[in-house]
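Open the model in your viewer and keep the selection tool at hand. We will go stop by stop, and each stop tells you what to pick.

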Amino acid sequence: MIGPTRAVRVMVATKPVDFRKGAEGLAALVRETMKADPFDGALYVFRAKRADRIKLVYWDGTGVCLFAKRLEDGEFRWPKIEDGTMRLSATQFSALLEGLDWRRVQCAKETPAPALSG
């Protein structure tokens, strides 16, 4: 399972794409439609016309990776279909991958660790 840290950017294409595309085709969409660099370490998330399918493309430092998931029951919760992209937090992304409503997830704010006195 992919478990991004808070530092990982998660970018979602809000418009469905042709799901016959593989890693290279989706990386090209990142460049052309999202105006981003598919090799920058971010996770790029794509949806099919059917809301039960998701694909991710990302660079792991050694190559382009492709992750695909189809829910057996239910649908992924997607933002409104329109041209463009949106960013999700790591917590929202985890909820999206589980088929949960990521819009209801609130990220906990980090509190600084208390100073140790000695």
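**Stop 1: glutamine 92**

Select glutamine 92. Its relative accessibility is 17%, so glutamine 92 counts as buried. Buried means under 20% relative accessible area, exposed means over 50%, and partly exposed is in between, with a 1.4 Å probe and protein chains only. Before moving on, note that this is a predicted model: local features need pLDDT of at least 70, side-chain atom pairs count only at pLDDT 80 or more, and totals for chains, interfaces and linings use all residues. Residues are numbered from 1 along each chain as its sequence is written, and side-chain values use heavy atoms, with hydrogens and water left out.

Which residues does glutamine 92 touch, not counting those up to four places away in sequence? They are Arg87, Trp102 and Val105. Contact here means heavy atoms within 4.5 Å.

**Stop 2: helix 2**

Now select residues 90-97. This is helix 2, and glutamine 92 is found in it. Helices (H or I, at least four residues) and strands (E, at least two) are DSSP runs, numbered from the N terminus. Colour the buried ones: Ala90, Gln92, Phe93, Ala95, Leu96 and Leu97. They pack against strand 1 (10-13), strand 2, strand 3, strand 4 (64-70) and strand 5 (85-88). Just after helix 2, click glycine 99, which takes a positive phi of about 85°.

**Stop 3: strand 2**

Select residues 43-47, strand 2. How many of the residues of strand 2 are buried? The count is 5 of the 5, so strand 2 is largely enclosed by the rest of the structure. In a regular strand the side chains alternate between the two faces of the sheet. Look for Leu43, Val45 and Arg47 on one side of strand 2, and Tyr44 and Phe46 on the other.

Next, show the neighbours. Two strands pair if DSSP finds at least two bridges between them. Strand 1 runs parallel to strand 2, joined by 3 bridges. Find valine 12 opposite valine 45. Strand 3 runs antiparallel to strand 2, joined by 4 bridges. Here leucine 56 stands opposite valine 45. Strand 2 and strand 3 form a hairpin, with 5 residues between them.

Strand 1, helix 1 and strand 2 make a right-handed β-α-β unit. Right-handed means that, with the strands pointing away from the viewer, the path from the first strand over the helix to the second runs clockwise.

**Stop 4: the rings**

The structure holds 2 aromatic pairs. Rings of Phe, Tyr and Trp (its six-membered ring) pair if their centres lie within 6.5 Å; planes under 30 degrees apart count as stacked, over 60 as edge-to-face and the rest as tilted. Select phenylalanine 39 and tryptophan 59. Their ring centres are 5.2 Å apart and their planes stand at 90°, so this pair is edge-to-face. The two residues are 20 residues apart in the chain. Phenylalanine 39 is partly exposed at 42% relative accessibility, and tryptophan 59 is partly exposed at 29%.

Move to phenylalanine 76 and tryptophan 78. With centres 6.2 Å apart and planes at 65°, the pair is edge-to-face. Both residues are buried.

**Last stop: the whole chain**

Zoom out. The protein chain has 2 helices and 5 strands, in the pattern β-α-β-β-β-β-α. Of its 118 residues, 38% count as buried.
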